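Okay, thanks everyone for coming. I'd like to walk you through one chain today, so let me get it up on the screen.

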Amino acid sequence: MDYDEEKQHGEPTVLASTPPETPQRPLNAEEKLARTTIGIDSRATTSSSEQEYQGTAVHQDNGILSKLRSWEAAMDRRLGIESEAIDRKLPEDRQPLTWRSQLTMALLWASGTMNLSCFATGFLGWEFGLSLKQSILVVVFGSLLGGAVSGFCATMGAASGLRQISIGRYSFGWWPNKIIALLNTVGQLGWSAVGCITGGIALVAVSDGTIPIAVGVIVIAVVSLIVSFLGLKIILIYERYAWAIYLIIFLIIFGETGRYADNKTPSDLKGADLSGTVLNLLAVVYGSSVSWSTVASDYYVLYPANVSRIKVFTFTTLGIALPTSIGMVAGCVVSSALNNREDWASTYEDDGVGSLLQQALYPYGFAKFLLVLLVLSGINCNIINTYSAAISCQQFARPFARIPRFVWTILCFGVIIALALAGREQLQAYLENFLSLLGYWTTSYFVILFSEHYVFRKGDFKNYDLEGWNDPAKLPRGYAAFAAFALGVVVWVLGMVQTWYTGPIGKLIGAYGGDIANELTFVVTTLAFVPLRFLELKYVGK
């Protein structure tokens, strides 16, 4: 029956409509939102819709996660807060390459590394019994070595458009790569805790002991949370300029304390004892710089896909190694001065590195001002760590990816405070043990990624199925990577030297042991992964 307009009954004619053309590529965030938005005049019989969120199908309804995702998308549109962070960034979504963005390749890391944590790490050479010259040589070499590993990993971000943990799926596969995501999260949270502790120590010194270290820990964590919450674009802008303040501060530290440096007293260590101690310090310094390798590509996904990989490698390597060396060498210089200034040594033993700086710098009011700025230096490092930890959490499992990044950022914030409060009284032991452990597993991670890229993918990203980054069926099984990584764990346990454990091989070097875990891990992982990967390709097929 025809539809009667006046009586408004009958069967209306249904007009055929042509569905909108769908681009033959993954949809970006705005397109996904447009295709899943329900107008207020909709007469649909259901209140929910299906959409893709970070490569995972989600059901948009009135549940809490749906509301959080909608809120995240709204904040992204209005404030630029990053949503769907782990999605692959397509070439057409990238930003054009400018001289500012090229400088950011280096300055981002300069802001994250030139801080009070690196300064405190520089004291380890003196505490281990090394001379000033020996400590400086180890610091510079270890920083360059670790920075180069991170520089290689950084080159994979722009070319693939993927975050570092997602890139690992092309060698570790879907399931073993979850172990990497977990280890990376632990590492970034631990680094953030170090930044909170050192900032808290400086705040105690500024307040002449009236403010407890716990308050400083919370202040640093809260400010870091706010900036990390805003997302990648804001982080890149902040880190591009923050480094300059801390470079000036460290130059002032060199200028005011350098005349007291002890450049004459040789180390009492000889032979195997000296070798073992150098290896122990090298493991810590290398671990500090190489720890960025598991997050490096996170900060290059907005660069053009054809950006020079040599430029990215060079700028990242130097951007990590040089500022790290500046901060740690400053620590080496000031700690050596404790041999000539007994009053400084007493202050350091009783009240820590913050009070020592307040005493060493002058005039007194200016020293307090510099310490206030150094309190904030931990924020630069923590912003990077907290951001990358949150997007690593999203890659534990598909259900975790459905939870917006800002929620994970808040959860990471709570864990950071707990870790920092627990370790706030043992900073040097925390640094010595934690940084070495970071180096061990990241060495295996680097070897596997490097071998996969150059041996099996021929160094060409055309040999990667980049659109299958979130599809287990299109990824390797990861048997070879998992086996090689597990063998790496075995040998680094044998070669490690920590305050709580010394491996049977490590204890053979000198009276105090020598940490050769990284060296053993590098050799064994390389020898294991390459033949195992050939076998995996032959019998499994991918």
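So, Arg341 sits in the loop between α13 (309-337) and α14. Helices here are DSSP runs of H or I with at least four residues, strands are E runs of at least two, and the numbering goes from the N terminus. With a relative accessibility of 22%, Arg341 counts as partly exposed. The cut-offs are under 20% relative accessible area for buried, over 50% for exposed, and partly exposed in between, using a 1.4 Å probe and protein chains only. Along the chain Arg341 and Tyr260 are 81 residues apart, yet their C-alpha atoms are separated by 7.5 Å.

Quick word on what we're looking at: this is a predicted model, where local features need pLDDT of at least 70 and side-chain atom pairs count only at pLDDT 80 or more, while totals for chains, interfaces and linings use all residues. Residues are numbered from 1 along each chain as its sequence is written, and side-chain values use heavy atoms, with hydrogens and water left out.

Okay, the whole chain. We've got 21 helices and 2 strands. How many of the 542 residues count as buried, as a percentage? That's 56%. And if you take the contacts with a separation of 6 or more, 81% of them are between residues 24 or more positions apart. Contact, by the way, means heavy atoms within 4.5 Å.

Helix α14 (residues 342-351) packs against helix α15 (residues 353-360) at an angle of about 150°, and the axes are 7 Å apart. So α14 is roughly antiparallel to α15. The axes are lines fitted to C-alpha atoms, for helices over the stretch in contact, with angles from 0 to 180 degrees between N-to-C directions. On that scale, under 35 degrees is roughly parallel, over 145 roughly antiparallel, 65 to 115 roughly perpendicular, and the rest oblique. From α14 the contact takes Asp343, Trp344, Thr347, Tyr348 and Asp351, and from α15 Val353, Ser355, Leu356, Gln359 and Ala360. By class that contact of α14 with α15 has 5 nonpolar, 3 polar and 2 charged residues. For the classes, Ala, Val, Leu, Ile, Met, Phe, Trp, Tyr, Cys and Pro are nonpolar, Asp, Glu, Lys and Arg are charged, and the others, Gly among them, are polar.

Now hold that next to another pair. Helix α10 (residues 213-230) and helix α18 (residues 405-423) pack at about 160°, with axes 10 Å apart. That makes α10 roughly antiparallel to α18. The α10 side of the contact includes Val217, Ala221 and Leu225, and the α18 side includes Phe406, Ile410 and Phe413. The contact of α10 with α18 divides into 14 nonpolar, 2 polar and 1 charged.

Next, the core. Which residues touch the most other members of the largest nonpolar core? Phe119 and Tyr299, out of 116 residues. The biggest contribution is from helix α16 (residues 364-393), with 15 residues. A nonpolar core here is a set of buried Ala, Val, Leu, Ile, Met, Phe, Trp, Tyr and Cys residues joined through side-chain atoms within 4.5 Å. Leaving out residues up to four places away in sequence, Phe119 touches Phe250, Ile253, Gly327, Ala330, Gly331, Val334, Val353 and Leu357.

Leu108, Trp109, Ser111 and Gly112 of α3 meet Asn380, Cys381 and Ile384 of α16. By class, the α3 contact with α16 has 4 nonpolar, 3 polar and no charged residues.

Last, a few buried spots. Gly161 lies in the loop between α6 (132-160) and α7 (164-167), and at 1% relative accessibility Gly161 counts as buried. Beyond four places in sequence, Gly161 is in contact with Asp87, Arg88, Lys89, Arg94 and Val301. Thr442, in helix α19 (residues 427-456), is buried as well, at 1%. Thr442 touches Val290, Ser293 and Thr294, again not counting residues up to four places away. And Ser171, in helix α8 (residues 169-172), is buried at 2%. Its contacts beyond four places include Ile448, Leu449 and Glu452.
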